[in-house]
Amino acid sequence: MTLADSPAAVIRPEGPWTHRDVAANGARFHIAEMGEGPLVLLLHGFPQYWWAWRHQLPALADAGYRAVAMDLRGVGGSDRTPRGYDPANLALDVTGVIRSLGEPDAALVGHDLGGYLAWTAAVMRPKLIRRLVVASMPHPRRWRAAMLGDVRQTAASSYVWGFQRPWLPERQLVADDGALVEQLIRNWAGPKPPGPTDDPPGPTGDAGVLAVENYRRAMCVPSTAHCSVEPYRWLVRSLARPDGMQFYRRMKRPVRVPALHLHGSLDPVMRTRSAAGSGEYVEAPYRWRLFDGLGHWPHEEDPETFTSELVHWLSDPEPDR
């Protein structure tokens, strides 16, 4: 797959999964799905799209789950709407997709921004969330406290502050065929970043499918860069606004479903200290797992270890052990 490929070839590649669109919360969302059984809904982060879960989809399907990876609003094959990028509305996208899939509930697995939305959905629509798995993202209230009170976390998240400028971040993300996307992914990884030698052969047997190249191409689809930074603009600009204060007050409600919290010990943009302690907002079994030697992308840097942890915990009838 090269940067010359069409967006459809990157966003909807052939494979063991099935692509389709579902309607939810006033928009259309692209999903890739595999398997049958209890629903596991996978939520990607920035600057990625559903492809981030290419390793986990087959493993979850083999383990007896209906595995679905969705593109968040404004990204990949989903609708690029002019508004609706606050976390409450994005979380309603997620729970709306669960309903559109005809399922009574789902185990939510979220990374980065997807993790932030998973925390939010578990608070806003607890009856629809069976279990919660979050990687590389603290609880929203922990995130807010770290961003405002921890100088090191503020510095580590400098990209979030940079997104507050108008139009420039979008131009930077698409310049040179999305070169900044590759730079961010490699800089935020541990010593073994995702790359041509780390990725498995493609679903059609073609060797050397390069994840960062796919992410670069997907970011260059018109309007994707703008939609990708809009959630971060809301997160910062709302800190002192009534809508933001109301959101964070709402997030005081405890999570009442079992939660697995995964984090890379070498994550340079979300410090371990910031993520640890999120369990104070969970009134249910909570398990913290720190992956030694991994950075911000544990599900891609070491997919075997990550997936094993995920599948074993989802299948554990007593997750508090």
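Reader: Which residues in α8 meet which residues in α9?

Author: Happy to walk you through it. A word on the ground rules: this is a predicted model, where local features need pLDDT of at least 70, side-chain atom pairs count only at pLDDT 80 or more, and totals for chains, interfaces and linings use all residues. Residues are numbered from 1 along each chain as its sequence is written, and side-chain values use heavy atoms, with hydrogens and water left out.

On the α8 side, the residues are L173, V174, D176, D177, G178, A179, V181, E182, I185 and R186, and they meet V212, Y215, R216 and M219 in α9. Contact here means heavy atoms within 4.5 Å. These residues divide into eight nonpolar, one polar and five charged. In that count, Ala, Val, Leu, Ile, Met, Phe, Trp, Tyr, Cys and Pro are nonpolar, Asp, Glu, Lys and Arg are charged, and the others, Gly among them, are polar.

As for the geometry, the axes of α8 and helix α9 (residues 211-219) come within 8 Å and cross at roughly 140 degrees. That makes α8 oblique to α9. Angles under 35 degrees count as roughly parallel, over 145 as roughly antiparallel, 65 to 115 as roughly perpendicular, and the rest as oblique. The axes are lines fitted to C-alpha atoms, for helices over the stretch in contact, with angles running from 0 to 180 degrees between N-to-C directions. The crossing of α8 and α9 is right-handed; a crossing gets that name if the near helix is turned clockwise from the far one by less than a right angle, and is left-handed if anticlockwise.

Helix α8 (residues 168-188) also meets helix α10 (residues 224-237), their axes coming within 9 Å and crossing at roughly 135 degrees. This angle makes α8 oblique to α10, and the crossing is right-handed. From α8 come P169, E170, L173 and V174, facing A225, H226, V229 and R233 in α10. Five of the residues in this contact are nonpolar, one is polar and two are charged.

Elsewhere, helix α5 (residues 140-149) and helix α11 (residues 242-250) have axes that come within 9 Å and cross at roughly 125 degrees. Here P140, R141, W143 and R144 of α5 touch F247, Y248 and R249 of α11. That contact has four nonpolar, no polar and three charged residues.

Helices (H or I, at least four residues) and strands (E, at least two) are DSSP runs, numbered from the N terminus. The eight strands form an open sheet with mixed pairing, in the order β1-β2-β4-β3-β5-β6-β7-β8. β1 (18-24) and β8 (286-291) stand at the edges with a single partner strand each, so one side of each has no neighbour in the sheet. Two strands pair if DSSP finds at least two bridges between them. Strand β5 (residues 106-111) and strand β6 (residues 129-135) pair in the parallel sense over six bridges, and V109 stands opposite V133 in β6.

Two backbone details may also interest you. A cis peptide bond, with omega about 0 degrees, joins F46 and P47, and P47 lies in the loop between β3 (39-43) and α2 (56-62). N25, in the loop between β1 and β2 (27-34), has a positive phi of about 50 degrees although it is not a glycine.
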